[in-house]
Amino acid sequence: MASAHKDLLRALFDAAIHRALPSVCLPQNLPPRPKGRTIVIGAGKAAAAMAKAVEDNWDGPLEGLVVTRYGHNVPCKTIEVIEAAHPVPDAAGMAGAARILASVKGLTSDDLVLSLISGGASALLALPAQGISLAEKQEINKALLKSGATITEMNCVRKHLSAIKGGRLAAAATPARMVTLMISDVPGDDPSVIGSGPTVADPTTQADALGILQKYKIDVPASVKAVLGLPANETPKPGDACFSKNELRMIVTPQASLEAAAEIAKAHGYQPMILGNDIEGEARDVALVHAAIARQVAHYGQPGAAPLALLSGGETTVTVRGKGRGGRNAEFLLALAVALDGHAGIHAIAGDTDGIDGTEDNAGAMLAPDTLARAAAIGASAKAHLANNDGYSFFSALGDLVVTGPTLTNVNDFRAILIDKS
């Protein structure tokens with residue numbers, strides 16, 4: 001891959017990530033200091049970095065606890081940070097969630113609960129509803145991850161099998177004032193979906209959750225069916241009194257990150273075109289659409305003339321049928337490579353802004369016009385790797401993985417396709 005294209009693609013990705021760093025987007029969103037105590041709680045891949053940003057910009061005493069993913073810790077002075085597993089929850093996450101729930105009980109109306117929520121909180125705040133074991137939640141989580149369910153569908157199920165998500169954390173904190181600072185990682189920026197909305201009213205129902213499990217043919221034990229059948233276990237809904245003193249501040253969104261990348265593209269002579277910040281669907285299907293648009297630009301100058309940068313975000317899904325390695329961004333790029341078939345003058349990057357593509361150690365990968373030729377030279381078939389859901393191995397062999405390490409933020413997937421003049 002030409003170094004100039006490679007450097008620019010990485011600069012676009014880095015700009016998107018920088019715009020979403022808690023140190024950049026959080027300080028101006030802090031509320032005033034309360035009369036009483038300030039309790040900081042939170043969960044997500046960015047939770048520790050958010051807690052550090054609070055400490056660095058707060059003018060009074062703080063106490064609290066946040067849960068983040070293993071390897072995403074940031075040292076804090078007064079806010080405790082616990083590390084736990086993602087995307088499948090573990091006992092550490094369950095213990096942390098229980099402590100967070102206990103910490104907001106017994107507060108007064110003079111107290112402030114500052115809730116820091118970012119992507120990943122659904123798995124990290126793993127406190128099963130009474131009657132359900134952690135092992136049962138883990139199995140359902142694994143099945144949902146492999147099913148092709150959207151993040152909205154997965155989090156609907158998670159909320160209704162939880163003792164803390166779906167607004168239940170807010171209910172426990174009453175009568176304290178609660179201010180939630182959110183970093184969005186979901187299509188549409190729906191606060192009830194981000195981290196399964198522990199402090200946000202839940203418009204979905206138990207019946208919705210059951211319907212999703214049935215849709216994807218996920219068999220669940222009798223204990224889960226029993227919990228989903230009890231009206232008393234329903235989540236608090238919009239208009240509930242427990243949300244009357246709550247405030248939500250969306251401190252950064254995928255759109256903001258795409259716009260930051262667009263500025264870099266423009267500065268380098270590429271017309272930026274944002275296709276959407278909330279694109280969903282099977283990664284390989286989304287790749288086909290992106291490839292078709294890129295070819296239309298290259299051949300006909302529509303819907304814009306080259307040099308042009310196609311930018312998009314959202315969260316695709318992968319229905320796992322093979323046994324390979326690779327997250328949704330590697331799968332997207334592998335399918336894009338097959339669809340473009342070595343088209344001249346088209347380069348691309350796709351990566352998860354949290355630095356972790358699925359469960360791998362890479363954020364994503366890069367694609368160039370010579371990708372298929374270089375793969376063929378070492379005996380690698382893009383079509384075979386795609387059939388086996390094995391994008392990681394394909395791009396690893398070519399040296400085209402993008403490795404950032406944990407970025408300490410998360411505004412979902414980022415994709416950029418550079419189309420040069422022919």
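Reply: Asn329 touches Ala350, Gly351, Asp352, Asp357, Ala363, Gly364, Asp413 and Phe414, leaving aside residues up to four places away in sequence. The model is predicted. Asn329 belongs to helix H13, which spans residues 328-340. Is Asn329 buried or exposed? The relative accessible area of Asn329 is 1%. Buried means under 20%, so Asn329 counts as buried.

Now to the strands. S5 covers residues 177-183. Six of the seven residues in S5 are buried, so the strand is mostly covered. S5 pairs with S4, residues 112-117. S4 and S5 run parallel, joined by six bridges. Within this pairing, Ser115 stands opposite Thr180 of S5. S5 also pairs with S6, residues 246-252. That pairing is parallel too, over six bridges. Here Leu181 stands opposite Arg249 of S6.

H3 runs over residues 47-57. H3 is mostly covered, with eight of its eleven residues buried. The buried residues of H3 include Ala47, Ala48, Ala49, Met50 and Ala51. Ala53, Val54 and Glu55 are buried as well.

Terms used. Residues are numbered from 1 along each chain as its sequence is written. This is a predicted model: local features need pLDDT of at least 70, side-chain atom pairs count only at pLDDT 80 or more; totals for chains, interfaces and linings use all residues. Side-chain values use heavy atoms; hydrogens and water are left out. Buried means under 20% relative accessible area, exposed over 50%, partly exposed in between (1.4 Å probe, protein chains only). Helices (H or I, at least four residues) and strands (E, at least two) are DSSP runs, numbered from the N terminus. Two strands pair if DSSP finds at least two bridges between them. Contact means heavy atoms within 4.5 Å.
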